[in-house]
Amino acid sequence: MPGTTGKTITSEHSLPVRFNEVDSMGIVWHGNYIQYLEDAREKFGLKHNIDYLTIASQGFQIPVVDINIKYKKPLRYGDSVKVISTFIDTQAAKIIFNYQLFHEASGELCTAAETTQVFINLKGELQVVPPAFFIEWKRKVGLL
């Protein structure tokens, strides 16, 4: 991927497909995948000490500015989903995640996705340089 360093960190978790997440055909409604991605980012942040509350305590927010989802195979009510989220390192002041959602029992890839988030300060101003705390976090986790 252009502009990235090629270094990554991952997080993995499993979740059940719940009844309220499926449509009348018993298939996960496409909009619920955005929640799965949000959950994956939150779990990644907690695992790697870069969660939303930590970012907010440093005076920043990280809104999502781009989402790309490729639906390959359906997930259904009762399935268990394994989600692998991968932080893609970049020198820019943004956070990029790639996601793979697998049907846990069969191991089949069902969904591939990517999100991009940018740093804004509490005045809503876009940051073009990565914040100092983020650079320090990268050092601590071995990306720098």
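This is a predicted model: local features need pLDDT of at least 70, side-chain atom pairs count only at pLDDT 80 or more; totals for chains, interfaces and linings use all residues.
User: Is Phe97 buried or exposed?
Analyst: The relative accessible area of Phe97 is 5%. Buried means under 20%, exposed over 50% and partly exposed in between, with a 1.4 Å probe and protein chains only. So Phe97 counts as buried.

User: How many aromatic pairs does the structure hold?
Analyst: Rings of Phe, Tyr and Trp (its six-membered ring) pair if their centres lie within 6.5 Å; planes under 30 degrees apart are stacked, over 60 edge-to-face, and the rest tilted. By that rule, the number of aromatic pairs is 14.

User: What is the geometry of the Phe87 and Phe97 pair?
Analyst: The ring centres of Phe87 and Phe97 are 5.9 Å apart.

User: Why does the Phe87 and Trp137 pair tie together separate parts, and how many residues apart are they?
Analyst: Phe87 is buried at 1% relative accessible area. The ring centres of Phe87 and Trp137 lie 5.3 Å apart with planes at 80 degrees, so this pair is edge-to-face. Phe87 sits in strand β4 and Trp137 in helix α3 (residues 132–140), so the separation in residues is 50.

User: Which element gives the most to the lining of the largest cavity?
Analyst: A cavity is a set of points on a 1 Å grid over the protein atoms alone, where a 1.4 Å probe fits but cannot get out; lining residues have an atom within 4 Å of a point. The largest cavity is lined by 14 residues, with Arg41, Ile50, Ile55, Ile62 and Phe97 nearest its centre. Elements that give two or more residues are α1 (32–48), α2 (52–57) and β5. With four residues, the top contributor is α1.

User: What is the volume of the largest cavity?
Analyst: Grid points are joined across faces, edges and corners, and the volume is the space filled by probe spheres set on the points. There is one cavity of 30 Å³ or more. The largest cavity has a volume of about 90 Å³.

User: Which side chain makes a polar contact with the side chain of Asn121?
Analyst: Asn121 lies in strand β7 (residues 120–121). Asn121 is buried at 15% relative accessible area. A polar contact is a pair of N or O atoms within 3.5 Å; within protein, one must be able to donate a hydrogen and the other to accept it, and residues adjacent in sequence count only if both atoms are side-chain atoms. At 2.6 Å, the partner is Glu125.

User: What is the phi of Asn49?
Analyst: Asn49 is in the loop between α1 and α2. Asn49 counts as exposed, at 57% relative accessibility. Most residues other than glycine have a negative phi. Asn49 is not a glycine, yet its phi is positive, at about 60 degrees.

Conventions: Residues are numbered from 1 along each chain as its sequence is written. Side-chain values use heavy atoms; hydrogens and water are left out. On a 1 Å grid over the protein atoms alone, a cavity is a set of points where a 1.4 Å probe fits but cannot get out, and a pocket is an open set with protein on both sides within 12 Å along at least five of seven lines; lining residues have an atom within 4 Å of a point.
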